[in-house]
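This note sets out a few points for a colleague who is meeting the structure for the first time. Please read them beside the sequence and the model.

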Amino acid sequence: MSSEPSSSASGPASAAAATVGPAGAAAPVRILLVDDHPLVREGVRSRLQGEARYLVVGEAGHAEEAMMMLIAAQPQVVLLDVGLKGHNGIQLAQTMLERVPDLRVLMYSMYDNPEYVQRALQAGARGYVLKDAPATEIVAAIDAVAAGGTFLSPGVSRRMFRSQQPRPILSPRESEILSALARGESSKQIAKALDLSVRTVETHRQNIKRKLELDGQAELIRYAVEHARGLHRDPV
């Protein structure tokens, strides 16, 4: 974790002006963490507790708990996982904003798919930061969003820019294989199910990676899983 905070942020650099406490002192920004992985929440909380301008007022591991904490803890900023287990993080963001319109939501994800970023922004999120971003970038994102600005991780910005370029549409067969990969099937299993040779399936996999500009098998699988979620949960 060594890259610098994103230049994609807009708005003031500090959230100190969000509220004012006694004697004119800036009150800390109240933050709610929503992620279904306790270790992730623990790591983020530990990092944010080192910043005097932040106050983590609550944590939630699922959507129902998040909605309860939204009312009970009255956060100003919600750091929200896109891929909540059993729920759609982007849809949850929209529901939260319907309940508390002036809430500032920062999506937090390991996926930089431009489609999800666009949907998150359309739902009302103020920013989108990657989980593998350096701690300084996450802090910068919260500062920007809390101050009324916006923030996109540099990697997200690059993918968004690339997504504006025309991209070839997958063939029906390639789409079938992508769906099978999302289900965790191997090339051998896919070949048997589709009555193809393993070599043909591998060729299709290479073509999918080339068309979608994906680097390596891990990114192909990650895209397949998230694409499947987007197809079966509206939206992810």
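Is Arg173 buried, partly exposed or exposed? Arg173 is partly exposed, since its relative accessible area is 28%; buried means under 20% relative accessible area, exposed over 50%, and partly exposed in between (1.4 Å probe, protein chains only).

1. This is a predicted model, in which local features need pLDDT of at least 70 and side-chain atom pairs count only at pLDDT 80 or more, while totals for chains, interfaces and linings use all residues. Residues are numbered from 1 along each chain as its sequence is written, and side-chain values use heavy atoms, with hydrogens and water left out.

2. A salt bridge is taken as a side-chain nitrogen of Lys or Arg within 4 Å of a carboxyl oxygen of Asp or Glu. The count by this rule is 12 salt bridges.

3. Arg173 pairs with Glu176 in a salt bridge, at 3.0 Å from N to O. Both residues belong to helix H7 (residues 172-182) and are 3 residues apart, about one turn of the helix; helices (H or I, at least four residues) and strands (E, at least two) are DSSP runs, numbered from the N terminus. Glu176 is partly exposed, at 36% relative accessibility.

4. In the salt bridge between Arg45 and Glu59, the closest N and O atoms are 2.3 Å apart. This pair links distant parts of the chain, 14 residues apart: Arg45 lies in helix H1 (residues 38-48) and Glu59 in strand S2 (residues 54-60). Arg45 is partly exposed at 24% relative accessibility, and Glu59 is partly exposed at 22%.

5. A network of salt bridges links Arg47, Glu51, Arg53 and Asp143. Within the Glu51 and Arg47 salt bridge, the closest N and O atoms are 2.8 Å apart. Glu51 counts as buried because its relative accessibility is 15%, whereas Arg47 is partly exposed at 30%.
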